[in-house]
Amino acid sequence: MTLKTNEIPNEFYCQFKMFHEIMSIKVREILLVSSSYDAYIMEEDRSLASRIINEYSGLNLSLPPRVTRTFSGHEALSLLERKNFDMVITMPHVEDMDARTLGKQIKNIYPDLPVILLSHSIRSIFPQGEYQKIPGIDKIFIWSGNSDLLLALVKNAEDCLNIDRDTQLAMVRVLILVEDSPQYYSTFLPLIYKEVVKQTQAVLGVGLNEEHRLLRMRSRPKIMLAETYEEAINLYQKYRNYLIGVISDTRIPRNGQPNDNAGLEILALIKQEIPDLPILLLSSESKNRHKAEHISAVFLDKNSPNLLVELHQFFLNHLGFGDFIFRTPDGKEIDRASNLRTLEIKAANIPDESLLYHASRNHFSNWLMARSEFALASTFREVQAGDFANIAEMRDYIVSGLHTLRKLQQKGVVAQFNANTFDSDTMDFVKIGDGSLGGKARGLAFMSVFLNQHVGLCDPYPQIEIHIPKTLVITTQGFESFITLNQLQYVSKTNISDEDIARIFLQAKMPDWLVSDLEVFLKQVNYPLSIRSSSLLEDAHYQPYAGLYHTYMIPNNNPDIGIRLSQLIDAIKLVYASTYYEDPKSFTMHSVSQPQEESMAVIVQKLVGEAYGDYYYPAISGVAQSHNFYPISHMKPEDGIAHIAIGLGKMVVEGEKAFRFSPRHPRILPQFTTVEDILTNSQRYFYALKLKNYPEHLNFSRYSNLEKREIDEAETELPIRLLCSTYIVNEHRVRDSGNIPGAKIATFASVMKHDLFPLPRLLYELLELGRKGMGCPIEIEFSVNLGTEKRRKNEFFFLQMRPLATEIDQNDVAITDEEIKKALCFSQNALGNGKYENISDIVYVKPNSFKVDATLQMAEEIGEINTLLTKEKRRYLLLGPGRWGSSDRWLGIPVQWRNISGVGAIIELKNGHIHADPSQGSHFFQNITSLGIPYITVVEDSTDILDLSYLESLPMVQETQYIRHVRVDNPLTIKIQGKKSICVIYQSQDCK
């Protein structure tokens, strides 16, 4: 029998959310009523408020309560009318009334308000020394100068106020203390609270982030105080399903009279009904030790000089707060486990008799209870040893339950990296350092929480698992330490070339603490890695910085960990270096209104894919957007658009040939209308990571250390066979199979037509959920692994999610027929919305000089003109054929951001030279749209208009071999009607 994820109770998934909801009632305001003398005696050299604050700080507890003091009973009642208080602490004697009278009057008006009587001695309340209940007073405590008592007062009141809700909501545990003497429980209660808080902090300090630890502190056991036999029995019956232990004095009142054995009888009854529950008998008479042993209770002598130490040992050894001590049935210790990970490992290997000994006594359950893992603890408690066919089955059940718990603990949590407790198997999202995650990593963290909140997302897709790749984030603290250590601050203020910056950073030293953590990481991780940027500014609304920083892939499979560490560090240094490259600096000048210091986090992520021979790559990579800027046929913008490719996503995000479809309308494929269209527009090559025979010093400068492979070269590999069709030459036909002889064509027919993987439907649902979650249109990057014989299920991986800029200006813009008639340019495919009247310069590719094989030189020539215009602060209209910003020089002019950083509007011309469709999935396209730069497509031989003869007639400002720069006397007017995607450009004097 194995405890699998789909068999885990819902409490496993909801438990972290529950921590937000428990302990909802807090004592934040305390009213202290005392005489001046009592206050002086109690406060001595420190105020009561400062004592409470100091105690909270010492135990790392949040939000200590505020204390308001008054010397008068009548003033106290007046204050209660004017202000809300959560607790009243009164001394026995105040100026105008005694504590009994004050307590009754308060309870008559506020029956649920806790009223505590605090005295220096029991005789100041009961001169005869015989303690009894006082109407109007909830509890009596004796002040002996111990500030721990103040914590106990507050926490006990909070426990009483929250216990019913928290036990039902989150199965919070309960510890009952049975003691009738105010002197003793005023001593024991502070000891127990301090021990519970410290032990809870200790056991929750492993493998979690600070927020998680603070929230889990709320789940510490509640401590209930009973002063009589009847109160104790009532508490036991009410909370028996949540008990973690019972501590009782021997002599307590029963039926209104002191009874020498009432405490012993309570423990005997509980032990009979719950044999494995830890119980502790307290007594000032050592002879009661034998009575305690008779009922299998631990005994503590109240007069012992080591009482505190012995109480501490009870918590460690019996309540489950210490190590799990594996014993043989005769009590001999054979091993220990200090945390869940070591418990899982050692439970798999201890002798059968030890496993049976602990399982049959619910020791595993008790130990988990102390760590607030209530769901698994309850699950283990409900199963008996006799329910298993043999010890091996029981062992498998326990170990699989612990392993599943450790994995689920990390879902939706960004854990702090700890070299001593890091476990790559169960930790999905970890950060090194205390700085910011950066924009991209924040998006990944949001997706992690998003998936954890939608655990039923995969229900309609039983053959698909949806994940985020295992992720380690080096926060901005790493970058800032690196820059400071090597005194590289000057780089941001100088005009150094990208190549020189890379060289300087590679020669710099990485901080020792970071190298040490990365080495621990690599000792457990030997799969291929993607090293990605996550700057502070990245993926923000309207300034995504998409693709401006660098990403590198490493195989991470060299048997020498020193070489793997060196390769990883070099990749991180190069990501750091890209912070200061020319492209992001140029984009920042264009996009950020307020200058700010940039800082870089780095994402070290498991590279999605499978090994196919010497190469590693995913079956599908892609980008999907919830808004389609170029809908056709009966598509709507909100139906979304996706671009996918075989292999790694570099093909898509850099605007190379990719397969385009709408997730809502996957059968509408205008680019695949005819066989000729399919042959022309289909993907011919793909990117993969080489796993064998690579140089020790990886070639990061070429394709970010990737290999560019022909589709036909990989025709025997699974993704090609499953996702490609075959072109039959003698039939001039494309068949939807990759398993027959012939040239392979990436048509994705098995996905689009034959539902091998329901990608369109899944993407549409994810885009809708993401759009609602982020409150705006979104873009996601993803990869897909198709199921294999070893792994039957398909896998879908989120790589990124960011806001997508659509229409920044929502005002309607009217375009008249008169404007269209006199237009220099008219387009029915334009992005943007508004009226622009600040452009007088036009930079365009000379039609008669255009050569497809010269597009790289054209990009450089545009960059030279851009530099001059940027210095003069003159925006310009850029015009040319093909897909702007594509890394494929045959699809358009491969400008980078530094080449066009001053552009004001762009026209993309589809003509006989290049007829590439706009690539909405590229990083370049995302950056252009996010800045609100008009992006206009003009299709030759259509109803679109572009007056090239008019451009030729304008006076030339400068000219290069392929590019011409002209200027008009009056600024151009560019009007875009975003709702209809139409645009008109004319000179201002032409249309009044």
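Strands β42 and β43 form a hairpin with 4 residues between them, and S981 in the turn has a positive phi of about 60°. Helices (H or I, at least four residues) and strands (E, at least two) are DSSP runs, numbered from the N terminus. The model is predicted, so local features need pLDDT of at least 70 and side-chain atom pairs count only at pLDDT 80 or more, while totals for chains, interfaces and linings use all residues. Residues are numbered from 1 along each chain as its sequence is written, and side-chain values use heavy atoms, with hydrogens and water left out.

**Strand β43 and its partners**

- Two strands count as paired if DSSP finds at least two bridges between them.
- Strand β42 (residues 963-977) is joined to β43 by 6 bridges, and the two run antiparallel; I974 stands opposite I985 in β43.
- Strand β34 (residues 825-827) is also antiparallel to β43, with 3 bridges, and F826 has V984 as its bridge partner there.
- Of the 6 residues of β43 (residues 982-987), 6 are buried, so the strand is largely enclosed by the rest of the structure.
- Buried means under 20% relative accessible area, exposed over 50%, and partly exposed in between (1.4 Å probe, protein chains only).
- Both faces of β43 are covered, with I982, V984 and Y986 buried on one side and C983, I985 and Q987 buried on the other.

**The sheet β22-β23-β27-β28**

- These 4 strands, in that order, form an open sheet with antiparallel pairing.
- β22 (610-612) and β28 (707-710) are the edge strands, each with a single partner, so one side of each has no neighbour in the sheet.
- From one strand to the next the twist averages 50°, with axes taken as lines fitted to C-alpha atoms (for helices over the stretch in contact) and angles running from 0 to 180 degrees between N-to-C directions.
- Strand β27 (residues 685-690) pairs with β28 over 4 bridges in the antiparallel sense, and F686 stands opposite R709 in β28.

**Nonpolar cores**

- A nonpolar core is a set of buried Ala, Val, Leu, Ile, Met, Phe, Trp, Tyr and Cys residues joined through side-chain atoms within 4.5 Å.
- The largest has 62 residues, and I192 and F315 have the most contacts inside it.
- Another core, of 61 residues, lies apart from it and includes A445, L718, F748 and M801.
- Leaving aside neighbours within four places in sequence, F315 is in contact (heavy atoms within 4.5 Å) with L175, I192, E195, V196, G320, F321 and G322.

**Helix α13**

- In α13 (residues 340-347), the buried residues are L340, L343, E344 and A347.
- Seen down the axis, they fall within an arc of 100°, so they line one face of the helix; the arc is that of the directions from the helix axis to the C-beta atoms.
- Among the elements covering them are β13 (324-327), β14 (333-337), α14 (352-360), α15 (363-370) and α17 (391-409).

- K846, in the loop between β36 (834-845) and α30 (855-871), is buried, with a relative accessible area of 13%.
- The side chains of K846 and E959 are joined by a polar contact of 3.0 Å.
- A polar contact is a pair of N or O atoms within 3.5 Å; within protein, one must be able to donate a hydrogen and the other to accept it, and residues adjacent in sequence count only if both atoms are side-chain atoms.
- A polar side-chain atom of K846 also lies 2.9 Å from the backbone oxygen of T960.
- D512, in helix α21 (residues 512-524), is exposed, with a relative accessible area of 51%.
- The side chain of D512 makes a polar contact of 3.0 Å with that of K509.
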